[in-house]
Amino acid sequence: QVQLVESGGDLVQPGGSLRLSCAASGSGFRIPIMGWYRRAPGKQRELVARISSGDTTNYGDSVKGRFTISRDNAKNTVYLQMNSLKPEDTAVYYCNAQVQWNWGPGDYWGQGTQVTVSS
């Protein structure tokens, strides 16, 4: 089993910054892709950013140029640096890990961390 533990969500003013972290615990697997998704009230879940184990990244259009995803493969941890935050970034942010076990793939989600951007 893989557990994802997120941290870093908070209340921040517009224009501010936050850094989210997500650590995957467990053993016997690789994590080819880690990422962040978010769900705002009344909206569908959307991709924020994801990163491969080789550091290839892609971003949702609404966060390009403001958010940066990175990872520490040795720690199985992914980070999301969020700058120039806007009220429309308010959402629950979920960490995702697409895992490769010896016997096959697995898809895991964190419990979510709340980000609120408001003055």
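## A buried arginine

Arg 66 is buried, at 11% relative accessibility. Buried means under 20% relative accessible area, exposed means over 50%, and partly exposed lies in between (1.4 Å probe, protein chains only).

This is a predicted model: local features need pLDDT of at least 70, side-chain atom pairs count only at pLDDT 80 or more, and totals for chains, interfaces and linings use all residues. Residues are numbered from 1 along each chain as its sequence is written, and side-chain values use heavy atoms, with hydrogens and water left out.

## Salt bridges

The whole structure holds four salt bridges. A salt bridge puts a side-chain nitrogen of Lys or Arg within 4 Å of a carboxyl oxygen of Asp or Glu. Arg 66 pairs with Asp 89, with the closest N and O atoms 2.8 Å apart. This pair links distant parts of the chain, 23 residues apart. Arg 66 sits in the loop between β6 (57-59) and β7, and Asp 89 in the loop between β8 and β9. Strands (E, at least two residues) and helices (H or I, at least four) are DSSP runs, numbered from the N terminus. Salt bridges that share partners join Arg 38, Glu 46, Arg 66 and Asp 89 into one network.

Arg 38 is buried at 5%, whereas Glu 46 is partly exposed at 33%. Elsewhere, Asp 61 meets Lys 64 in a salt bridge (3.1 Å, N to O). Asp 61 is exposed, at 64% relative accessibility.

## Around Asp 89

Asp 89 is buried, with a relative accessible area of 1%. Which residues does Asp 89 touch, not counting those up to four places away in sequence? They are Arg 38, Arg 66, Phe 67, Ser 84, Val 115 and Val 117. Contact here means heavy atoms within 4.5 Å. A polar atom of the Asp 89 side chain also lies 2.8 Å from the backbone nitrogen of Lys 86.

## The nonpolar core

The largest nonpolar core has 31 residues. Such a core is a set of buried Ala, Val, Leu, Ile, Met, Phe, Trp, Tyr and Cys residues joined through side-chain atoms within 4.5 Å. Trp 36, Leu 80, Met 82 and Tyr 93 have the most contacts inside it. Strands supplying at least two residues each include β3 (18-25), β4 (29-39) and β9 (91-101). The largest share, six residues, comes from β9.

## Ser 52

Ser 52 is in strand β5. Ser 52 is buried, at 18% relative accessible area. Beyond four places in sequence, Ser 52 touches Pro 32, Ile 33 and Arg 71.

Key: A polar contact is a pair of N or O atoms within 3.5 Å; within protein, one must be able to donate a hydrogen and the other to accept it, and residues adjacent in sequence count only if both atoms are side-chain atoms.
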